[in-house]
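My notes are below, in the order I went through them.

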Amino acid sequence: MEYKYIGKPLPRPDAISKATGKAIYLDDIRIPGMLYAAILSPEYAHAKIINIDTSSAEKMPGVVKVVTGKDCCIRYGDNIADQTPMAVDKVRYAGEPVAAVVAETLEQANAAVEKIKVEYEPLLVYTDAREAMKEDAVLIHEHQEEYKRLPTLKCIPDTNVANYYRLIKGKGEEGFEEADVVVEGEFNYPIGSAAAMEPHGSIVWFKEDQSIECWSSSVCPFIIRQELAHTFDMPVSEVRVHIPEIGGSFGYKSDITVEITIAWIASFVPGRPVKWVATRREDFTSTLSGHGIRTFMKLGAKKNGKLVAIKSKILHSGGAFAETPVNVTITATHNSGGPYEYEHCFMEGYTVYTNTTPVGAFRGYGHPESQFATERLMDMLARKLDMDPFKFREVNYLREGSIVASGEKMWKTNGDVQAAAKKIQEAIFDGDKPEEDEDYYYGRGFAALSKAPKGATFSTKGCYMKMNIDGSVSINMGGAEQGQGLRTVVKQVAAEALQIPPEKIHCYTEIDTQFSPYEWQTIGSMFTVQGGRAVIRAANKLIAILKKTASQVLKADEDMLDYNGEYVYLRNDPSIKVAVKDLARGYITSDGITIGEIAQASADARLPRYSNPDPETGQGTLGVEYTFGAQGAQIRVEKKTGKVIVDHFASSFDIGRVINPLQARGTVLGGVLMGIGAALHEELIYDEQGHQKNPHYGRYRIPKMRDIPPKSTVDFIENPGAVGPYGARGIGEHPFLAVVPAILNAIYDATGIDFYEIPITPEKMKQALADRKENA
Amino acid sequence: MAEKYTFKVNGCERTVEVDADTLLIDVLREDLQLTGTKRGCDNYTCGACTVILNGKAVKSCRTTMDKVQGGEVITVEGVSNGKELHPVQKALVDSGAIQCGFCTPGIVTELVALFDNNPDADEDAILKALNKHLCRCTGYEAIKDGALLAKQLIKERQR
Ligand code: FES
Ligand code: FES
């Protein structure tokens, strides 16, 4: 089928306001009477609070109020209600809010917050799940079994395990009896930060009329609205949440994060809005981190290369509150098999409380972490089987008819991982790699990937569409634009569905829960699939309304009418027609009587039959829409310095249908570079006391212009999916997924060294090269 | 102690009364409501706050007001001419160099200053200038493409 507007490199509708500095982000919002908050972080990562003395702070100039967590009995959380807006009698991580000052200016708030004196009784600190799981470990949450949690979640009482998830397919662990060859390993994906350029922040205003107004740089306005209403005991309808432009998220601005804390603070100064924006340091220490996942994995195969069994154990150092990490762990667990089929699976995931910043969503939501293990082990298993790693994978790829670990059956419409792999093979592995020379070792590596969204059974996306009197169309939705380009997708999909040029389609620019259609939250690479489908459904309804009115105007049956974006006309005589713009408010007849209704429609779309996991087997319809892909790296290791240089990185994904090639390529390149950062230098390091050692860009180094590979290949395969608009699938997170194992597999190819954890800094590489020499 | 500072911003003379150690970024954002200049870090590492001071790209988060006294500042808001985008802006828009856009104002002002000083800036000079800026979204390729296109557009305009 030929598309008119799909597949074209349309520019983003928001690009100009961003290029001219006119786009308004959270920190750019000014409200008359606004106050500023500064928040105190504790000296210790785990300690009892003995006393907080706020008296000197209260006397500081400009101070309106000093707030602590004293007497706070709020417990919040959508999954596990384990969080308090501010530490109450103990602190559980070094970025936790202990007290706050509200002042007329930010400088005054900052000056006063330093005057707050807190006495602590330090407790043992655990920065790693393995420590926190030891039998005699001090409990970070003393009575976690009392917390309200979703019925699908189970804690292990009297331990630091906040949730245990298990999946069994086939004979589970016994499946290994059928294996001829087995490999296993322990892989660590350390804590990192999404480190979006815009630090997170919120404004909350308790108004005299008993309503709350909030602004947040968040991707989940409706969750915030619900949590604020619930926490402060008021109707959801009396809470209004605005989302301005968002300066990047990559996941960590999802779920409820800082908003309840700011609301708690603001509740002490009713009538005045309170703003808090994280410093870069606070963005690292006191919002949400990423990863922190250790994977123990074992794979078993027959001699002919057929995989038979997988066993995986995920230990997630989830941080001080499990509300956000719990689903990351679950997703990491049931997707730990990667894009391969295993008859027997035994997978366990432990979300463990640690005295570190809570882990939240971060590009890939558990997939990159556990599939790092899978893809490294696939190479190792191929070696042990003495098989070509591509051929070995080909035997095992998920394909039409395969059953994934969670029990879902794969269809042709789920895409073709093997085709993606072929593209990478051609791009990276054609011909011979360069011979080792005086300065460098050369290597090439490959990894395949799969990811489905982590949805929720109610994770729908709404769309409201209205036609204006000139035949142009305005679209309103609740999806948060965070740089991923959903506005372009909305415009292009609507243009195609309505057969109206994109210039005549206006896409909403901000979210306001007072006007915006409901959306669960904009995460999981789901917007194109669900949001795009909601647009098409609304467009179909709108066209039906136009036809209904036209049938009265043209005195013909609706099913004899066709629509082309400009006219509704009689199929057998197109000269009998009425202009669409004349139908927009209903049709006004020559005698001034209006017939028909306003051309407006609303619709929503969710993942069809998405379900909760079964409590016994952990299986269920947990993915629905998978995107498959493959990535490959050609690298060099500098002998003198140990530096790993990526010379060529190639990615291929079956995204069903490319909506906007320029944007899709940009998404891939951004994700790949983020993955290169993770593989080679990014790690948020904690000292033994639980303090972050590098909460700033100077030492949490994210890639720069000079770090980009000289050559990048991006390729899309288009086997249309059954759910998304025109067959499109999600692509937001996927480019990040297999970068790490592709590079580590290439490092093995170059040096013969197997790495089990990242990042591979020059120092680690040099050390490994030296050790290798010693052992030789 | 608050002192008076008079300087030009985007062509208009402005006077503010602030402490001597006040940073230009705060004067721009808080006193003059020019919020196009962004703050992305605490320690001069991200480049989001870049503005043009006396013809040179500077980080406004490490520029104290004594350096601005009597000077001329151009922010991202002062780069376009009414509705007509500066070639740098146009090139970044057309190249797909803008995703979340938080890094964009700093990159716009950096490149405007670069090409104002040297319309023939070669690729190395361009990369050197851009390497001062962090962008978490794009993977930089499109930004580089945008910079090269901007150079071309500027050349064409001069002809
Ligand atoms: S705000 Fe980051 S360099 Fe100025
Ligand atoms: S576009 Fe988001 S940081 Fe550059």
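What follows are my entries, topic by topic.

**Ground rules.** I am working with a predicted model, where local features need pLDDT of at least 70, side-chain atom pairs count only at pLDDT 80 or more, and totals for chains, interfaces and linings use all residues. Residues are numbered from 1 along each chain as its sequence is written, chains are lettered from A and ligands numbered from 1 in the order in which they are written, and side-chain values use heavy atoms, with hydrogens and water left out.

**Five-stranded sheet.** I looked up the strand order and got β7-β15-β14-β13-β8 in chain A, an open sheet of 5 strands with mixed pairing. Strands here are DSSP runs of E with at least two residues, helices are runs of H or I with at least four, and both are numbered from the N terminus. Two strands count as paired if DSSP finds at least two bridges between them. β7 (161-169) and β8 (181-192) of chain A are at the edges with a single partner strand each, so one side of each has no neighbour in the sheet. Neighbouring strands are turned by 10° against each other on average, direction ignored. For angles, axes are lines fitted to C-alpha atoms, for helices over the stretch in contact, and the values run from 0 to 180 degrees between N-to-C directions.

β8(A) pairs with β13 (residues 290-301) of chain A in the antiparallel sense, over 11 bridges. One position I noted is A:Gly185, which sits opposite A:Met297 in β13(A).

**Three-stranded sheet.** Next I looked up an open, antiparallel sheet of 3 strands, in the order β4-β2-β6 of chain A. Its edge strands are β4 (90-91) and β6 (117-122), each pairing on one side only. β2 (residues 47-53) of chain A is joined to β4(A) by 2 bridges, antiparallel. Across that pairing, A:Lys48 has A:Lys90 as its bridge partner, and A:Ala47 stands opposite A:Val91. On to β6(A): β2(A) pairs with that strand over 6 bridges, also in the antiparallel sense. There I noted A:Asn51, whose bridge partner is A:Glu119.

**Helix packing.** How do α9 and α16 of chain A cross, and at roughly what angle? The axes of α9 (residues 367-385) and α16 (residues 739-751) come within 8 Å and cross at roughly 30°. The crossing is right-handed, that is, the near helix is turned clockwise from the far one by less than a right angle. For contacts (heavy atoms within 4.5 Å), α9(A) brings A:Gln371, A:Phe372, A:Glu375, A:Arg376, A:Asp379 and A:Arg383, which meet A:Val740, A:Pro741, A:Leu744, A:Asn745 and A:Tyr748 in α16(A). By class I get 5 nonpolar, 2 polar and 4 charged residues. The classes are: Ala, Val, Leu, Ile, Met, Phe, Trp, Tyr, Cys and Pro nonpolar; Asp, Glu, Lys and Arg charged; the others, Gly among them, polar.

**Cavities.** I searched the whole structure and found 8 cavities of 30 Å³ or more. A cavity is a set of points on a 1 Å grid over the protein atoms alone where a 1.4 Å probe fits but cannot get out, and lining residues have an atom within 4 Å of a point. Points are joined across faces, edges and corners, and volume is the space filled by probe spheres set on them.

The largest cavity holds about 660 Å³. Its lining has 39 residues, with A:Gln484, A:Ser525, A:Ile731, A:Gly732 and A:Glu733 nearest the centre. α12 (486-498), α13 (527-554) and α14 (661-680) of chain A each give two or more residues to that lining, and α14(A) gives the most, with 5. By class the lining has 16 nonpolar, 19 polar and 4 charged residues.

The second largest cavity holds about 230 Å³. Of its 22 lining residues, A:Gln83, A:Tyr93, A:Thr257, A:Thr261 and A:Ser286 are closest to the centre.

A cis peptide bond joins A:Ile758 and A:Pro759, with omega about -5°.

How values were computed: On a 1 Å grid over the protein atoms alone, a cavity is a set of points where a 1.4 Å probe fits but cannot get out, and a pocket is an open set with protein on both sides within 12 Å along at least five of seven lines; lining residues have an atom within 4 Å of a point.
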